[in-house]
Amino acid sequence: MTRLIREAICVWAGVSLLLTVFMVDFRSYNVTWLHLVEYLLLPAGVTLLLAALAVIFNWLDYGGALVSMAVGLAHSASHLSLLAALLAFFVSSSLATSVGKRVKKRIDPSYKKGGQRNLIQVFSNGAVATAACQGYLYFAPPGTKGWEPINFQVPELSLLAALACMSALAGCCGDTWASELGVLQSWRPRHILTWRAVPAGTNGGVSIIGTLASALGGMLVGFAFFLGMEYELVVNQDIDSLMESCWPAVPLGMLAGFLCSTIDSILGATLQYSGLDTKNNCVVNRPGPNIQHISGLNILDNHAVNFLSSLLTACLIPTLVYFYAGEKFAFEAETDFGGEI
């Protein structure tokens, strides 16, 4: 089964690469070699370099690096702010995973040096954001340059796609920070549904440190997205829009980090098995001999929970923005086109 999943992810990575190339070409008029170098070959080179560095630092194994090419190209070819958000998530999460190695090795015997991630982990955390990037490439007005500022004042589908990508990355970052830093606290976490104390590493366990870390991790990604937007506004000399239109990305990122971590905890507490291995005194995710059940059904694994949490967060945040700002958008659209108020 695992081999089939790996093969399917490799196929997805190949199709995703081709789809990104098509999207870059689709929204461009009069494609030239200069355009291909600037908006396709250069991003591909940046992505290859980052994947190589990730392998060198033991952040990814070779399979993870291969799949990360599809994720990285979609982000780097779509918009600078989305690439900045991806880098903030990946680098900070890898560093967070490397903190407290001895404690994590005792809790999880499968813990790898440097928190090395494989292709399944890269897919479960990056597939939703990659699809959102491709959605941005599709909905962005044809003929626009790849890194022109995203207009936060107009409810275009390209804006919602960009927010979906940022939300997915912020959510995954917040969830990773919560998981990697929350287990380091000295007191036991609480089960999110029953609120009883559970062993560290239990799916559905929450803590004060983990909850705060989830919000901060999401805020970091939102801030990186914000900085990318501000840079584009400066380059395009749109000084009047500086700070005014892009700042909501920061609190939205914080909300996405907290929301994704909470969804992950609820799914983990109900649909993911947690048991205590009484022989080795550690929490495991599968039933078996000498395993004392703690919580959850044996339906989803950690990768599926991460994917679903990312997907739900990427859907909820843009939906919230759309309905919350809908009246404001409609008002501005009427005034811009001379409608009656």
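Colleague: How many aromatic pairs does a search of the whole structure find?
Modeller: The search finds 7 aromatic pairs. Keep in mind that this is a predicted model.

Colleague: What makes phenylalanine 57 and tryptophan 59 a stacked pair?
Modeller: Two values decide. Their ring centres lie 5.4 Å apart, and the planes are at 25 degrees. Centres must lie within 6.5 Å to pair, and planes under 30 degrees apart count as stacked. Phenylalanine 57 and tryptophan 59 are therefore a stacked aromatic pair.

Colleague: Why is tryptophan 59 called buried?
Modeller: Its relative accessibility is 14%. Buried means under 20%. So tryptophan 59 counts as buried.

Colleague: Why is the pair of tyrosine 322 and phenylalanine 323 called edge-to-face?
Modeller: The planes of these two rings stand at 85 degrees, and the centres are 5.5 Å apart. Edge-to-face asks for over 60 degrees. The pair of tyrosine 322 and phenylalanine 323 is therefore edge-to-face.

Colleague: Are these two residues, tyrosine 322 and phenylalanine 323, buried or exposed, or what else?
Modeller: Take them one by one. Tyrosine 322 has 41% relative accessibility, so it counts as partly exposed. Phenylalanine 323 has a relative accessible area of 64%, so it is exposed. The cut-off for exposed is over 50%.

Colleague: Which residues form one aromatic cluster?
Modeller: Trp12, Phe123 and Phe307 do.

Colleague: What makes up the nonpolar patch on the surface?
Modeller: Its members include Leu42, Val46, Leu49, Phe57 and Leu87. Together, the residues of the patch have about 850 Å² of accessible area. Helices α2 (33-56) and α4 (80-98) each supply at least two of its residues. The largest share comes from α2, with 6 residues.

Colleague: Leucine 49 is in that patch. Why is leucine 49 called exposed?
Modeller: Leucine 49 sits in helix α2. Its relative accessibility is 52%. Exposed means over 50%. Leucine 49 therefore counts as exposed.

Colleague: Why is serine 274 called buried?
Modeller: Serine 274 has 0% relative accessibility. The limit for buried is under 20%. So serine 274 counts as buried. Its place is in strand β3 (residues 274-277).

Colleague: How do you know that the side chain of serine 274 makes a polar contact with the side chain of asparagine 203?
Modeller: The distance is 2.9 Å. A polar contact needs a pair of N or O atoms within 3.5 Å. The side chains of serine 274 and asparagine 203 therefore make a polar contact.

Colleague: Which residues is serine 274 in contact with, leaving aside neighbours within four places in sequence?
Modeller: Thr202, Asn203, Val284, His293, Ile294 and Ser295.

Colleague: Why does arginine 6 count as partly exposed?
Modeller: Its relative accessibility is 33%. Partly exposed lies between the 20% limit for buried and the 50% limit for exposed. So arginine 6 counts as partly exposed. Arginine 6 lies in helix α1 (residues 2-26).

Colleague: What does arginine 6 touch, not counting residues up to four places away in sequence?
Modeller: Arginine 6 touches Asn118, Leu119 and Ile120. Asparagine 118 is 112 residues from arginine 6 along the chain, yet their C-alpha atoms are separated by 9.8 Å.

Colleague: How many helices and strands does the protein chain have?
Modeller: The chain has 11 helices and 5 strands. Of its 341 residues, 48% count as buried. Its accessible surface comes to about 17100 Å², and 67% of that belongs to carbon and sulfur atoms.

Technical notes
Residues are numbered from 1 along each chain as its sequence is written. This is a predicted model: local features need pLDDT of at least 70, side-chain atom pairs count only at pLDDT 80 or more; totals for chains, interfaces and linings use all residues. Side-chain values use heavy atoms; hydrogens and water are left out. Helices (H or I, at least four residues) and strands (E, at least two) are DSSP runs, numbered from the N terminus. Buried means under 20% relative accessible area, exposed over 50%, partly exposed in between (1.4 Å probe, protein chains only). Contact means heavy atoms within 4.5 Å. Rings of Phe, Tyr and Trp (its six-membered ring) pair if their centres lie within 6.5 Å; planes under 30 degrees apart count as stacked, over 60 as edge-to-face and the rest as tilted. Patches are made of residues with over 30% relative accessible area and no salt bridge: like charges are joined within 9 Å, nonpolar side chains (Val, Leu, Ile, Met, Phe, Trp, Tyr) within 5 Å. Accessible areas come from the Shrake-Rupley method with a 1.4 Å probe; for residues, only the protein chains shown count as cover. A salt bridge is a side-chain nitrogen of Lys or Arg within 4 Å of a carboxyl oxygen of Asp or Glu. A polar contact is a pair of N or O atoms within 3.5 Å; within protein, one must be able to donate a hydrogen and the other to accept it, and residues adjacent in sequence count only if both atoms are side-chain atoms.
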